[in-house]
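I opened my notebook and went through one structure, spot by spot. Here is what I looked up, in the order I did it.

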Amino acid sequence: MIKFLDLQKLNLQYQKEIEAKLLETFRSGWYLLGNEVKHFERNLGSYIGSQNAIGVANGLDALRLIFKAYLELGQLKVGDEVIVPANTYIASLLAITDNRLKPVFAEPNIDNYNLDISKIEALITPKTKAIMVVHLYGQVCWSKELEALAKKHELKIVEDNAQAIGAEWNGIKTGNLGDAAGFSFYPGKNLGALGDAGAVTCKDSLLAQTIRSLANYGSEEKYINKYQGLNSRLDEIQAGVLDVKLKYIDADNDKRRKIAEQYCAEITNPKITLPELPFNSAEHVWHLFVIRTNKREKLQKYLLENGIQTLIHYPIPPHKQRAYKYYNHLSFPITEKIHTGVLSLPISPVMQDEEVQKVIEAINNY
Ligand SMILES: *Cc1c(COP(=O)(O)O)cnc(C)c1O
């Protein structure tokens, strides 16, 4: 069976270093807010090119905390509108609605599944205060037009960078394009921990300080609580593991790129719509390789019978989820078309050439 993602194999690449780090942390007797987190934050910040990096408990919290900090700083108000792609993972939405901000859904491009920047301006009202861009599937969502639009309407840009660590636009890394960015280190992400973990990067140091405090009970000094915060800290064990794996992220992303390029060159079945290769290969880190087809369930079953595991990202868009009952009546035809047709093929730094070949052959014979 070709697994969708062989996490065991992936992490075994770094077994020696990870085990040494786990043992070191275990023996240190210090498990929270210590040197491992400090080192990882410093290394992540310098990798991204950001002044500020804050480790938090997971990717959803990273995004929630950004908006919560903007509210605390009075830079956003309850009820303000945030433009967000309708086809994102539900976490992007939860970060907005959990802070009692109002999501305004925007349609993506059918070609690259990212926010259609040309459609944003029509959605802006006097209440619009931010845009959340999602670098979906690992592809950068950014442009000069987006920057100009944000400037013109004084909008903050928050990046959901859960899927695109290492991707670049014009030599600038995702996570350093907008005002603030949330990262997820969920085990299956391109940089994955051995459990939940996340981080925020941002340009403004006051925002960073507020987020750090909010993630630690709203406290900067022990037992002095400035805000009604959360407990959302990155722990020392996960930080140590992430610090080991961060050194290999570029090499890992390059392996993903090679597989994606091979899929794009060699999958020739006309029933399949392949993702667009970006003009500049730095702009995609291929967290997911997503194809589209008319009879997705049939293709998925056929591939499984041929020993190939696939997944769907995602079967139901957020506005059609029960959790957002009051948005269920909304209709976004491009988003809904994407959700009914997409299928994610196996892609990972530990996939063997023969496995890639087998996937290509199976799809071409379908
Ligand atoms: C994974 C993911 C998140 C949430 O990250 P967690 O660490 O699972 O909380 C947010 N947004 C997107 C686009 C994601 O893929």
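**Entry 1: His319.** I found His319 in the loop between α10 (296–305) and α11 (333–341); helices here are DSSP runs of H or I with at least four residues, strands are runs of E with at least two, and both are numbered from the N terminus. Is His319 buried or exposed? His319 counts as buried because its relative accessibility is 0%, where buried means under 20% relative accessible area, exposed over 50% and partly exposed in between, using a 1.4 Å probe and protein chains only. Before going on, I noted that this is a predicted model, in which local features need pLDDT of at least 70 and side-chain atom pairs count only at pLDDT 80 or more, while totals for chains, interfaces and linings use all residues. Residues are numbered from 1 along each chain as its sequence is written, and side-chain values use heavy atoms, with hydrogens and water left out.

I then looked for partners of His319. Its side chain joins that of Glu336 in a polar contact of 2.8 Å (a pair of N or O atoms within 3.5 Å; within protein, one must be able to donate a hydrogen and the other to accept it, and residues adjacent in sequence count only if both atoms are side-chain atoms). Leaving aside neighbours within four places in sequence, the contacts of His319 include Ala86, Phe105, Tyr324 and Phe332, with contact meaning heavy atoms within 4.5 Å.

**Entry 2: Trp142.** I moved to the loop between β4 (128–134) and α6 (144–152), where Trp142 has its place. Trp142 counts as buried because its relative accessibility is 8%. Which side chain makes a polar contact with that of Trp142? I found Glu147, at 2.8 Å. Not counting residues up to four places away in sequence, Trp142 also touches others, among them Ile117, Val133, Trp169 and Leu177.

**Entry 3: helix α7.** I listed the buried residues of α7 (residues 205–214): Leu207, Ala208, Thr210, Ile211, Ser213 and Leu214. They pack against β1 (52–56), α4 (59–72), β8 (180–184), β9 (198–202) and β10 (219–221). At the N-terminal end, Asp204 caps α7, with a side-chain oxygen 3.1 Å from the backbone nitrogen of Leu206.

**Entry 4: the ligand.** Last, I checked some ligand distances. A backbone N or O atom of Gly59 lies 2.8 Å from a ligand oxygen. A ligand nitrogen is 2.7 Å from an N or O atom in the side chain of Asp160.
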